[in-house]
Each structure stands twice: as structure tokens, then as C-alpha cells.
Amino acid sequence: MEQYLKLIPSNASLLSAYSSISTSWVLFKTAYNQVIPKQLQDYAVSKFKSCFYHNPSFATFIIEDMWCGLGRNQLYDAARAYLSTKIGPENRKIKIGKLEQHKNVSAAIVGGGKIVDVFQDITITWWCVQEEGTTRTNTKISKATDNLALIQKEKVLKLYTRLDKYEGERWKSVDFRHPATFDTLAMNLELKKAIIDDLDRFLARKDFYKRVGKAWKRGYLLYGPPGTGKSSLIAAMANYLNFDIYDLELSSVFSNVELRRLLLNTTNRSILVVEDIDCHSEVRDRSKIMKEEQLNPKKYPKAFTLSTLLNCIDGLWSSSGEARIIVFTTNHKEVLDPALLRPGRMDMHIHMSYCTTQGFRVLALNYLGIHDHKLYQEIDGLVESTKVTPASLAEELMKSDDADVALGEVVNFLKRKKREEDQIEEESKRQRTV
Ligand SMILES: Nc1ncnc2c1ncn2[C@@H]1O[C@H](COP(=O)(O)OP(=O)(O)OP(=O)(O)O)[C@@H](O)[C@H]1O
């Protein structure tokens, strides 16, 4: 049994929830200790204990898997994660299983199962009650640092997108298993290193942000043509940091209140992504907004204001006390409102550009597993003299597993591209002289 118990990990799919609950618990304890005088704390604890000692059935906490039909109850997930570590020999029936994306076998108590636990001298009995398709559990939450390490290791990242706009300011999630990492990103090596260093520095500076009274958040603006890897970079950042992603589609937001609530409903240690930010007139440089929009404001109604977006980013997150990252992507940085771009809002502007020879080496290694090839010299010259995106080169590389064939396709593609660019250049020269 001993051996068997060692195999039982916490339920990995619940670990991220447990992480945030544990963090909230620590925050709560800190606030509690700072705000409530010691005498009052002792009094409250003695009263709480007396409830249990004198009337053991007095306190029953019910934790259902859904919270008032509004969404998943994180407390329930946290309780299950906690309880899976408390399963012992007295539990005759245990649910065990393993999801493809998890590293270990997971265990959970079954309906009708019971676990007896002690918390600050109070004996707590946890029951798992199955009720017409729902499960509920008696609960207690405590901080378990050991489990936290496991949580981070096992965490399956989530990609949150907004629920249908008619369903309120809620997010729905799917597992996020994007394979992009910094190793697979084709981009300038110094820039890549600068981004990794920036993320590391940011994460390590919790105390610094607290000391200087700033929200622990960092904004990244990714700009460049389509297919240069902006989305891939976001995925690489999420995988590197182990952060969930919230993908905010601004066009689905119809009011300031809605925007504020949506942002408030995001969790800590996450990346909020607003893609193609230039497509929203609210955040475009007012001096450059098209005349058409100015003349027909009704045709281009303002769903929310730029100031709400900025305030939400600046202010609301200050209270979270945890690391937050926001990423905007755009194909046209020049049309954005300067207020959005200033340091403190978008701290690092990252130019994702056309493929370079360095970038091509990374792609060839990823797709073909080769470091060198006789066609590299020719490809280098062509890559440097044309504007090709990593996405289009990746397409060519995928055409064959045979390096000779795939690189041959790359050469043909680059030559075609070069001819087209030369023709366009000649045509524009000709028009300038006419
Ligand atoms: N820099 C890159 N490194 C590695 N792969 C890349 C890179 N850029 C593009 N790709 C490949 O091309 C595909 C599309 O790229 P991606 O969606 O990241 O580009 P994007 O800049 O976000 O494009 P868009 O602006 O259209 O959203 C990726 O799935 C990836 O396979």
C-alpha cells in the first residue's frame, strides 16, 4: 500500500486551480494578520473552535463542482486536489486514471468516500457526495507547499476565450498544448535572448514592484507582418512561464462595464492577449482615424473607450499582487494611439520581421533536423535579399521529409519570390519616372 500511495499524485487537471486558491489563501492570511488585531483574531479562533467542540454538526460546508451555475467552482477543484494527497489505507474505493497530457496517475475519492483530516486541532471529515450528476464535498483549505511544486510541474496550460457575448462576461477554456518554444522560434537570436532575459527579470522582481508601489505587470507589443511568428511567440512565452492565456477578442466587447468585468475575471499568472489591436478604432491614433469614421460616427460606434482599456490594464490589476502579462499584437504599429505604447503600458516593443538566415537555420533544424546543407549558401543569399515570412518558408519545408527535396523547394520558392519582388520594384520605378 505504501508503495501504491507513493504513486498517487494530486489530480493534475485541478492543480492550477489549487495553485490560485493556495495563493489566495496566503494573500488572505497576510491581509488578515495585518488588518485584524491579535486579540480579535484569538477571540474569533476560540469562537470558531467552540462551534466544533460543542456542536460538532454545527458547521457543514458544501462545495459543489459548479458555483451557482456560473462556472467551475475553483474551491471544489482545490479541495479535490488537496484530498487526492490525503487518500489513505482506509479508503477502500479510489478512482484512479491518467489523462494523455498528464505525467502521472491521478487519484480521487469516489462518491460516498470519506477522509478524516485535522486542521489546527479541529477534526474535519470530508465527504464526497454524489447528487444527480453533481458532486459535493465538505471542505477545508490549507496551504500545502509540497503540492505547489507538483502543481507547477503537472499544470496543463489553458487557453481562455470569451464565451458567447450573450452569456455574460465569462471565459471558456480549452487545454493549451501549442508546441512553440523559444528553441523552435525563428527569430533574431539577440532579440530572443533579450525577451527571455526580460521575462526572467520581470518574474524575479516581485519584491521590487511591491517596494516601488507598482502593479506587477509587464506589457509586450508584438508588431510585424502576418506570418512572422507573433502568435508563436505568445505560445512560447506561455510555455516558458507556465502561464495560461486569455485571448480577448475586442470586437466582442460592447461596453466599458463588460470590458472591465472580463478583465477582472482573468486569473493571476496569466497572459492577456489582444490580437490585431490596430483593427479597433478605439485604440487607433485619433489623428489618423479615417475621415470616413469621423464623418459617420454612427456607422463606427465606440464600444468602449481607450481610457477604460488603459485604466483596466493600469489600475485594476494592481490589486492582484501577482504577475500579469499583457500582449498586444499588430501588423500596423504606426496607427496605434501613442498613449497605448508608452513604457509602463507596453514595456517592450518586439519587432517580428521577415526571415533572416539565422531564423532559417532554426526552421531547417526544426523541420528537417539538419544543421548544414550544400544549398545553405544559395538559400542564405536569397533569404537576405527577399521579404519572406517564416510561415511561408515553413510551408515549403513541410513539403518533404527528404532534406534535398525540401530545400530544393525552398530555393525554387525564394527564386520565384525574388522575381516577383524585382518586377514590382521595376514597375514602381517606371511609374515614378512617368
Ligand atoms: N518566427 C517563427 N518561428 C517559427 N515558426 C514560425 C515563425 N513565424 C511563423 N511560423 C510558422 O508559421 C505559422 C503561422 O505563424 P504565426 O501565426 O505565429 O504568425 P503571426 O505573425 O501571428 O501571423 P498573424 O499576424 O497572421 O496572426 C506558425 O504556426 C509557425 O508554424
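Predicted model: local features only at pLDDT ≥ 70, side-chain atom pairs only at ≥ 80, totals over all residues.

Let's start with the ligand. It has 16 residues around it, and the closest are Pro226, Gly229, Ser231, Pro390 and Ala391. Sorted by class, that shell comes out as 8 nonpolar, 7 polar and 1 charged. Helices α8 (230-241) and α15 (390-397) each put in at least two of the shell residues. Domain 2 (158-351) and domain 3 (357-428) both give residues to the shell, so the ligand lies between them.

Now for the helix pairs. Two packed helices are described by the angle between their axes and the distance between the axes. Here's how the pairs look:

| Helix pair | Axes come within | Crossing angle |
|---|---|---|
| α9 (256-264) and α11 (306-314) | 10 Å | roughly 20° |
| α13 (357-368) and α15 | 10 Å | roughly 35° |

With axes crossing at roughly 20°, α9 is roughly parallel to α11. The crossing of α9 past α11 is right-handed. On the α9 side, Asn256, Leu259, Arg260 and Leu263 make the contact, while α11 brings Thr308, Leu309 and Cys312. That contact splits into 4 nonpolar, 2 polar and 1 charged residues.

From α13 come Gly359, Phe360, Leu363, Ala364, Tyr367 and Leu368; they meet Pro390, Leu393, Ala394 and Leu397 of α15. By class, this contact has 9 nonpolar residues, 1 polar and no charged. Pro390 turns up again here, having been listed among the closest residues to the ligand.

How values were computed: Residues numbered from 1 in each chain as written. Axes fitted to C-alpha atoms, helices over the stretch in contact; angles between N-to-C directions. Helix = DSSP H or I, 4+ residues; strand = E, 2+ residues; numbered from the N terminus. Parallel < 35°, antiparallel > 145°, perpendicular 65-115°, else oblique. Left-handed = near helix turned anticlockwise from the far one by under 90°. Contact = placed C-beta atoms within 7 Å. Nonpolar A, V, L, I, M, F, W, Y, C, P; charged D, E, K, R; others polar. Near = placed C-beta within 6 Å. Domains from an automatic or database assignment.
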